[in-house]
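Please read it with the structure open.

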Amino acid sequence: MTHTTVAPDDKRDVRRADKAAASDRSKAENRLGMRLVAPAIFLMLLVTAFPMLRAIYLSVFNYSLTAPDDREFVGLSNYLTALTDSLFWETTLNTVFIMVVTVAIELVIGFAFAMVMHRVIFARGVIRTSILIPYGIITVVSGFAWQFAFSNNNGFVNAWLPFVEDNFNWFGEYGSAMAAIMVSEIWKTTPFMSLLLLAGLAQVSEDMLEAAKVDGATWWQRLWKVILPNMRSAIMVAVLFRALDAYRIFDNIFVMTAGAQGTESISFLTYRQVIEQFQLGIGSALSVLLFLSVLLIAFLIVKIFRVDLAAARQEG
Amino acid sequence: MAGIEMKNIVKKYGDGFPAVNDVSIDVEEGEFLILVGPSGCGKSTLLRMIVGLEDITDGDMIIGGKRVNDLAPRERNLSMVFQNYALYPHLTVYENIAFPLRLAGKSDSEVDQKVREASKTLELDEHLERKPGNLSGGQRQRVAMGRAIVRDAEAFLFDEPLSNLDAKLRGQMRTEIARLQKRLGITTVYVTHDQTEAMTLGDRVAVLKRGVLQQHATPRELYENPANLFVAGFIGSPPMNFLPAKVNGDSVELPFGTVKIPADKAQKAQGKDLLIAGIRPEHFEDASVVDPDRVTDESTFTAKVDVVEWLGNEAYAYVPFEAPPEVQQQLQQLERDLDGESLRTQLVVSLDGASRIREGDEATIWVDVRKMHLFDPATGDNLTMDAANAGIVPGGNTMARAEQVGQQQDGVQPGGSQATA
Amino acid sequence: MSTKNKIGIVIGAALILLWCLLPVAWIISLSFKSQEAITNGSPGFLPSEGGGAGWQNYRDVLADDQFLRSILNSIGISLIATFLSVVIATLAAYAIARLEFTGKKFVLTLALVIAMFPVVSLVGPLFDMWRTFGIYDTWPGLIIPYMSFTLPLAIWTLSAFFREIPWEMEQAAQVDGATSWQAFRKVIVPLAAPGVFTAAILTFFFAWNDFVFGISLTSTENARPIPAALSFFVGSDPFNRPASLLAAGAVVSTIPIIVIVLLFQRKIVAGLTSGAVKG
């Protein structure tokens with residue numbers, strides 16, 4: 001790459017050119033721009049907005065695919081059913097629990113991994129290649145691997161863990177089953193987290209760290225007072241993305257417990273209603289609620305942690 | 001090759017404020033014209049309008065007698081060297097230089113011949129097969145020039161081409177560009193914010209402020225006869241000293257004492273109360289080293305020297321002074337316009353290396369009153385300008401006009417420079 | 001660097017490798033356990049004495065028509081979705097990085113929202129719609145949602161790359177006599193190629209990995225991709241699966257991913273970090 005420092009003067013000129021008044025050229029640019037993004041917008045809306053609207057529509061009907069002719073308008077009663085059913089709240093709570101625990105653990109381990117990867121001089125390629133394997137592996141495969149690993153018949157976990165009996169059935173009770181699910185989830189997504197954090201770490205300048213050293217900061221102080229504040233936006237973006245991803249947890253539960261022992265997530269519940277029981281009415285209501293809860297979580301994270309979405313959208 | 005005529009060029013952006021305001025400049029065939037001014041003065045915008053990367057809001061751009069306002073850049077047959085060189089990182093040096101020829105569909109043999117010719121001129125022969133990423137700053141600069149000279153363009157345009165080089169290389173490349181232009185004799189427009197480049201390279205220099213042309217003249221004319229405070233302050237290093245002055249007959253009252261000026265100069269400055277006197281540092285001298293015939297009481301004053309910087313061949317002495325508020329304000333504004341920061345009002349005096357004045361001395365300083373300029377503090381106009389030797393000075397209080405645009409713009413968009421952030 | 005730090009980093013690196021590779025080693029080991037050993041219960045990391053199956057599980061899996069068919073489905077669907085998604089994302093990302101037009105904010109916001117969209121909440125209506133359109137249980141029925149859901153990532157990654165190409169490069173080409181198309185073709189495309197490539201790999205990963213659409217929008221081997229096929233592999237009782245056979249299938253399905261990771265490790269890391277944090 002050539003040198004790319006641009007004098008402020010120049011940048012200003014160029015940026016201002018972007019905002020040019022409606023000259024012929026900017027009109028043509030406008031047209032071209034809209035044409036170029038049109039296919040992307042169309043596709044994204046086709047598979048999200050349109051079905052979402054349809055879900056909203058279906059959610060006010062009592063509609064089952066097993067008896068499509070009996071469709072009848074029921075107003076908001078599907079929502080009422082869902083919201084008054086303890087199952088809905090249990091699964092939501094479950095999901096939030098998984099989300100909070102996995103993201104918290106991933107953040108800590110991911111950060112440690114990122115620190116190591118940032119400093120490591122030897123075998124960089126090997127480590128980066130390895131860290132991509134969990135990221136690339138199919139979630140279903142990860143689920144299987146851990147399910148068998150935790151199995152009391154064929155697994156190795158019981159034998160390796162000193163305080164666990166050899167025939168302990170991890171999937172026999174709620175707590176241990178959830179733990180197994182979370183292990184699989186954390187194993188697969190920590191590398192992703194660590195890569196995002198690695199990018200953030202790379203943006204913390206060495207000069208600043210050296211300055212802190214000269215100023216007499218200990219390792220711990222440098223971490224808390226220099227490194228972390230400076231990669232705040234990277235951390236927040238990573239947390240936002242991972243949290244929303246974790247809230248959608250489905251694959252691991254489907255493979256590992258199929259929802260047994262009360263390990264259902266909200267996604268899994270919705271799926272069961274729609275695809276397995278063909279209850280499109282109540283299923284659609286659940287879909288809408290799921291969507292709304294994701295929006296709510298996104299909103300809360302953005303508000304609470306003041307995530308800079310502009311940075312995430314590279315509008316900085 | 002062709003001349004470039006800019007007639008009443010205006011560039012307005014979406015915010016409605018003119019970035020280039022009614023600028024008319026005539027670049028003759030083969031001439032080397034410099035566009036100079038502090039950041040945000042519209043010089044780059046003007047250059048980009050010449051080459052066609054920026055729409056022209058109003059006015060006529062005429063290249064070689066043809067109006068090109070509506071032509072795309074590639075139809076204007078100009079070549080340009082960008083500030084960051086804009087070399088194509090995926091192409092070798094050879095292919096970078098050949099790029100315009102390839103686009104024009106020239107035969108391989110012709111391409112080869114021309115590229116070799118250009119690379120010989122610029123001493124790039126041994127680098128032809130390398131990629132730009134492996135070149136030094138100076139080499140990249142030469143490749144960018146190679147790409148510009150390889151085709152028979154109507155004119156060369158340079159957009160601050162030396163600003164990314166270190167000081168030493170900048171000096172060398174400056175000479176190289178001057179030599180190349182003289183040899184090829186091609187019309188050249190060169191944008192810079194560096195007044196040294198402006199003075200050394202240009203046949204003529206156009207000084208811009210806030211999109212308004214201030215003066216268009218040869219470097220010597222700009223230096224000796226600046227049209228207003230802005231030009232006077234911009235051209236010259238160290239810059240011209242500005243002192244509050246009161247004219248009474250043919251004597252001028254300065255903060256340090258009163259001196260007499262030639263009658264013709266005094267004549268032009270009558271009837272005004274407070275003025276700003278402009279005197280370049282080298283027009284002062286330690287009275288003790290000046291030819292005694294020239295030293296009279298009416299051309300010397302004494303002042304307490306604060307700091308002396310001795311450079312061997314010469315020395316700079318600094319003498320602080322107090323300025324009345326109206327002058328102070330004008331000077332601060334000027335300093336801001338010149339991208340500087342006003343710290344204190346002080347006189348900079350260039351002394352002969354033989355001078356024995358030391359810090360803290362009460363020194364007798366001689367001033368060359370013939371070279372003194374007097375400016376109107378209200379408009380900034382140079383009252384003592386010798387119009388016959390000042391090149392082209394657009395009428396109508398250009399400096400005040402530029403300031404007005406600036407103020408409006410800053411008023412609407414606080415911070416000015418981050419207007420579009 | 002002090003010795004203490006060095007030791008810490010070596011240990012850290014070892015832990016990372018252990019973390020990443022242990023479960024992979026486990027599933028490979030499992031795939032070599034024999035069917036009988038599994039049924040009788042064979043705890044432990046490695047196959048027990050006499051409990052090994054050699055390549056038998058792999059032979060069985062590769063002899064299974066449904067499994068082979070699902071590999072074919074996954075490869076075909078993922079490749080087509082990747083190709084189309086990257087082409088469309090390239091156009092959109094170029095516009096976003098380079099042009100000023102109304103609706104730019106909308107595209108970016110839409111992409112952001114879709115990146116966070118709970119996929120499961122769509123399968124119901126999509127299931128219904130696809131049946132109406134007659135693309136339920138077909139390749140296009142999966143290709144379309146894969147495209148839509150990989151577009152945000154691809155658009156982000158690509159526009160980050162486009163942004164890094166200096167503006168001046170394109171303008172220089174125009175001054176040098178290029179038309180807009182020539183400038184795009186001869187200057188922008190070669191420079192953006194690594195970005196396009198990264199976006200393609202990430203898109204492929206997503207499509208290969210998807211499970212929700214795979215199980216919801218297919219019903220037969222006609223279009224069923226690998227993850228779905230694996231989960232339906234013999235019976236629905238999640239507690240008594242033919243573990244070693246499944247493990248062999250899982251290993252086979254992971255091979256393409258590992259090959260891609262090995263070949264393009266550098267690019268994937270660059271793409272992930274530029275697309276996600278900077279953008």
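This is a predicted model: local features need pLDDT of at least 70, side-chain atom pairs count only at pLDDT 80 or more; totals for chains, interfaces and linings use all residues.

1. Fold of chain C. The chain is built from helices: 12 of them, with zero strands. Read along the sequence, the pattern is α-α-α-α-α-α-α-α-α-α-α-α. Its C-alpha atoms fill a box of roughly 75 × 65 × 30 Å along the principal axes.

2. Burial and contact range. Chain C has 279 residues, and 54% of them are buried. Take the contacts in chain C between residues at least 6 apart in sequence: 74% of these join residues at least 24 apart.

3. Domains of chain C. The domain assignment gives domain 1 as 1-59 and domain 2 as 64-278. Their C-alpha centres lie 30 Å apart. Where they touch, domain 1 supplies 11 residues and domain 2 supplies eight. On the domain 1 side, helix 1 (3-31), helix 2 (35-40) and helix 3 (56-63) each give two or more residues. Helix 1 has the largest share, with four residues. By class, that side of domain 1 divides into six nonpolar, four polar and one charged.

4. Contact between chains C and A. Each chain puts in 90 residues. Which helix of chain C gives the most to this side? Helix 12 (residues 243-278) does, with 17 residues. The side of chain C that touches chain A has 67 nonpolar, 18 polar and five charged residues.

5. Contact between chains C and B. Here chain C gives 15 residues and chain B gives 18. Helix 8 (167-175) and helix 9 (180-209) of chain C each supply at least two residues to the chain C side. Helix 8 gives the most, with six residues. The chain C side holds eight nonpolar, five polar and two charged residues.

6. Nonpolar core. The largest nonpolar core has 296 residues. Which residues have the most contacts inside it? They are C:Ala89, C:Ala92 and C:Ile155. Look at C:Ala92 in particular. Leaving aside neighbours within four places in sequence, C:Ala92 is in contact with A:Leu36, A:Val37 and A:Ala40 of chain A, and with C:Val107 and C:Ile155 of chain C. One of these partners, C:Ile155, is also listed among the core residues with the most contacts.

Technical notes. Residues are numbered from 1 along each chain as its sequence is written. Chains are lettered from A and ligands numbered from 1 in the order in which they are written. A nonpolar core is a set of buried Ala, Val, Leu, Ile, Met, Phe, Trp, Tyr and Cys residues joined through C-beta atoms within 7 Å. A residue is buried if 20 or more other C-beta atoms lie within 10 Å of its own, exposed if 12 or fewer, and partly exposed in between; C-beta atoms are placed from the backbone. Two residues are in contact if their C-beta atoms, placed from the backbone, lie within 7 Å. Ala, Val, Leu, Ile, Met, Phe, Trp, Tyr, Cys and Pro count as nonpolar, Asp, Glu, Lys and Arg as charged, and the others, Gly among them, as polar. Domain bounds come from an automatic or database domain assignment.
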